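I am opening my notebook on a new structure. I will write down what I look up, entry by entry.

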Amino acid sequence: MVEEEGIRRYVAHIILWIGIAIVAFPVYIAIIASTQDNAAIANGQMSLLPGGHFFETYYQTLFVGTSGSTREPVLNMMLNSLIMAMMIAVGKIAISIISAYGIVYFRFPFRMPIFWIIFITLMLPVEVRIYPTYKIVADLHLLDSYAGLSLPLIASATATLLFRQFFMTVPDELLEASRIDGAGPFRFFWDTLLPLSRTNMAALFVILFILGWNQYLWPLLITTRDDMQTIQVGIRKMITTTDALTEWPVVMATALLAMLPPIFVVVAMQKLFVRGLVETEK
Amino acid sequence: MEKQSVFQSKLLPYALVAPQLAIVLIFFYWPAVQAVIQSFLLQDAFGLSTTFVWFENYLELFKDAAYFEAIVRTFAFSFAIAFSSLSFALLLAVMADKPLRGVTLYRTLLIWPYAVAPPVVGVLFIFMLHPSLGVLSRYLRALGVDWNPLLNGDQAALLIILAAAWKQISYNFLFFLAGLQAIPKSVFEAAAIDGARPMRRFWTVTFPLLSPTIFFLLVINIVYAFFETFGIIDTMTRGGPGKSTETLVYKVYSDGLLGGNLGSSAAQSVILMVIVIVLTGIQFRFVERKVTY
Amino acid sequence: MANVTLRNVRKTYPGGFEAIKGVNVDVGDGQFCVLVGPSGCGKSTLLRMVAGLETISSGEIDIGGRIVNQIEPADRDIAMVFQNYALYPHMSVYNNMAYGLRNRGMAEAEVKTRVEEAARVLELAPMLERKPRQLSGGQRQRVAMGRAIVRQPKVFLFDEPLSNLDAKLRIAMRVEIRKLQRRLNTTSIYVTHDQLEAMTLADILVVMNGGQVEQIGNPLDIYQKPATTFVASFIGAPPMNLMPLGSDELKSQIAGPDGAGILGIRPEDFVLSSETVSGGVALDLTVEAIEHVGAETFVYGSRQRAEQGVAANPGELPPGEVIVRVPGATGPAIGERIRALAPRDKLHLFTADGRKRVG
């Protein structure tokens, strides 16, 4: 429209750039801090321009860790986070897609009760049942293990519902054509349904990977050994010591390393990310 | 809705649902049932004996002024976070919905905070606003503000709200932008021809048409503020100073782990479950409405 | 090569709805059988029962001398072309056609030969590596055909395969399907609601209504001697004129057999003339509307002494209205009064309930 031209447009651009600046500012500070000397920061004299300790800080962060509190190399924490996130994302997709397949493409006694049993789990996040879950994981001797980190977080219905919804949109004739072409339940799943679900799986993977990587409360509870720590837990432990001893450049470098993989996923796979976000909230 | 064409098989479908069913039963239903049972039990100080106490744990909670404060605080945090994050995101989304060049770039530059984990958000904000070394605290002090969120409860609460709202901007922005783009442009054109100026158009056309999205996001944001803020609180204030930033989830955590009061912690969990179920119920009702909208 | 025989086939759904109420059809080896009828008449259900996609409540289906009631679709040696084609969207044209062959464990060399042969016949050779979404509607339809013919099955089943195409393409594909079927000489069953498609394709035409067979036979026989008023008005466009034989002028003109209650005359069997023919029927009409199609002209006239028409059948005219087909582009003017004559041997007589032909 005519009035969208001219000055209003500039105003919109300016507001958007201010918004971006506000959103980006905390990260900018973190980047700056990770390149500076700890003493300057501790004095409250931090400069707003990059310092010269970039390589030194990141080398120490990745391969050595802080000198005080945990002494765990952040690279190792990142590896733990990566394994946990992958197990959650892949595990959830795998068990969800086959159970959705069973529920949609078969008729069997107790089908609807089973569906409801799974469906209800949508309602309750892990936070409201942490201690009983902790106890079960402890009883199963899964503390400080990758299985213990990931299994309780796999127990949710979002992905199952998403696949069910998608399967319902696959035309019946495709199954019929497959049956005439001599494909049984396994072949139909592997040759037709799985390839058709690729985009949905990818979108879901992006979301689940981010959610898995960013888990905090659960890993905090069930990891006691430093070498099993995820990066989110590790970063918290770095600032538990008295303020004066906190190595802020290392903390900030860790913060940046912690956000790098999920941000990379969001930006590089933006289409899938947006799709996954919208689909899982439906 | 049901499929008309299905496979015939007696055992295969059970094998297909078995893995998920097993995980859900072991790691979801069993603990949930345990939480309910535990909430009726009282453990002595040494954990040596437990007695069945009916609703005593619940009654204790409701008599406890601190618990009420935590409930009020949690809801206050939720609304403050939702309101600030939603309004900022809506402003940005309305701007980005205009026929501008570079909208994809703007979107990319605004959505990434979604990927930042709550404890990392906490670390970023406490560093920025730390009383002695925070970059922004310098300016606040220069303005004459006695800024010390580590000692001042109100300032700590403000800090939590700021950090939590910051993280949620991208999510709200994305959904607002999608909601705005779903409104047919012809509606705005009709309003313009009817003589409505841009501001008036926003309040009389855009905002009402966007209300399903706003309501949906409001519920999502409240649930987010309930649970996802745990990481932010734990890295920034640990619920302190005093108990000024202790939310319901944080209280479950600290009462159970730090205080060792498992019965009370379980009762709190059960109450939280009820709150979540109510919120989810509202959301589902709303989703149904959205379909018919 | 095989016959397909349906013996007293019934289909009752769990809710008690009877979709097929006892159907007997015999399709000879290499014949092209068309099931035609209005939507909801059960023709697709019947086809899907032959395919094995629907269970058979009672009766028998026999393909090539083997009762197939309990046999899986894959083992019935049939191939099917679906209305929406049901192509695998993620597979190339080549793989779409090869899939059924590979599932049966056919050697890759043989698969290649067959697919390439089918592609050559259907002129799909240049697009074998494309995905279905990169094809036009007509091309997709041909891939669906190709998927059926590579299998070299005993029977082809077609479920309204042309209904998603535009009018011109539909006619072209209709001719292609018929030529292809003649060449392969494969027994075929074809479902359609389009009576023109049915007439042009069928060796045997099965007209269905309400889960039952109304008439089976050679298309021309059915056209010339419809067994019921339903068939009379469903087959042929524009439909046959059906008039009740009440106590009016018609009754006096016809010395029909006993029991005749409805008179049917096809629009093209009328002649406009002021004379009278002995043994035939003369109708005095006022012209209400004229349709010029080019090669022929349809005259819609109302009878001067109209009586209540015959009850609801597809394509029926309002009571008292008659269509007359006149060759060429000339016809009477609107409002003109004309006389339409039909000779005795062009009259169709049915019982008053329309269920039986009496002459």
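**Entry 1: a helix pair in chain A**

Is the crossing of α4(A) and α8(A) left-handed or right-handed? I looked it up, and α4(A) and α8(A) make a right-handed crossing. I note at once that this model is predicted.

Next I checked the geometry. Helix α4 of chain A covers residues 74–105, and helix α8 of chain A covers residues 158–169. Their axes come within 8 Å and cross at roughly 45°. That angle makes α4(A) oblique to α8(A).

Then I listed who meets whom. From α4(A) I wrote down Lys92(A), Ile93(A), Ser96(A), Ile97(A), Ser99(A), Ala100(A), Ile103(A) and Val104(A). They meet Ala159(A), Thr160(A), Phe163(A), Arg164(A), Phe167(A) and Met168(A) in α8(A). I sorted the residues of this contact by class: nine are nonpolar, three polar and two charged.

**Entry 2: a helix pair in chain B**

I moved on to α5 (residues 118–128) and α10 (residues 229–236) of chain B. I found their axes 7 Å apart, at an angle of about 40°.

On the α5(B) side, I noted Pro118(B), Pro119(B), Val121(B), Gly122(B), Val123(B), Phe125(B) and Ile126(B). On the α10(B) side, I noted Thr229(B), Phe230(B), Gly231(B), Ile232(B), Asp234(B), Thr235(B) and Met236(B). The classes here are nine nonpolar, four polar and one charged.

**Entry 3: where chains A and B touch**

How many residues of chain B are in contact with chain A? I read off 80 residues of chain B, against 82 residues of chain A. Helix α1 of chain B, residues 12–38, gives the most to chain B's side, with 19 residues. By class, that side of chain B has 61 nonpolar, 14 polar and five charged residues.

I then followed α1(B) to one partner. This is helix α5 of chain A, residues 111–120. The axes of α5(A) and α1(B) come within 10 Å and cross at roughly 45°. So α5(A) is oblique to α1(B). This crossing is left-handed.

Ile114(A), Ile117(A) and Ile118(A) make the contact from α5(A). Val17(B), Gln20(B), Leu21(B) and Val24(B) make it from α1(B). I counted classes again: six nonpolar, one polar and no charged residues.

**Entry 4: a bent helix**

I looked at helix α14 of chain A, residues 248–268. It has 21 residues and reaches 29 Å from its first C-alpha to its last. That is close to the 30 Å expected at 1.5 Å a residue.

Where does α14(A) kink? I found the kink at Leu260(A), and it is about 35°.

First, a reminder to myself: most residues other than glycine have a negative phi, and most peptide bonds are trans.

I checked Tyr85(C). It is not a glycine, yet its phi is positive, about 70°. I found Tyr85(C) in the loop between β6 (78–81) and α2 (93–103) of chain C.

Which residues does the cis peptide bond join? It joins Ala237(C) and Pro238(C), with omega about -5°. Pro238(C) sits in the loop between α8 (229–234) and β11 (241–244) of chain C.

Notes. Residues numbered from 1 in each chain as written. Chains lettered and ligands numbered in written order. Predicted model: local features only at pLDDT ≥ 70, side-chain atom pairs only at ≥ 80, totals over all residues. Contact = placed C-beta atoms within 7 Å. Helix = DSSP H or I, 4+ residues; strand = E, 2+ residues; numbered from the N terminus. Nonpolar A, V, L, I, M, F, W, Y, C, P; charged D, E, K, R; others polar. Expected span 1.5 Å × (residues − 1). Bend = angle between axes of the 7 residues up to and from the residue. Axes fitted to C-alpha atoms, helices over the stretch in contact; angles between N-to-C directions. Parallel < 35°, antiparallel > 145°, perpendicular 65-115°, else oblique. Left-handed = near helix turned anticlockwise from the far one by under 90°.
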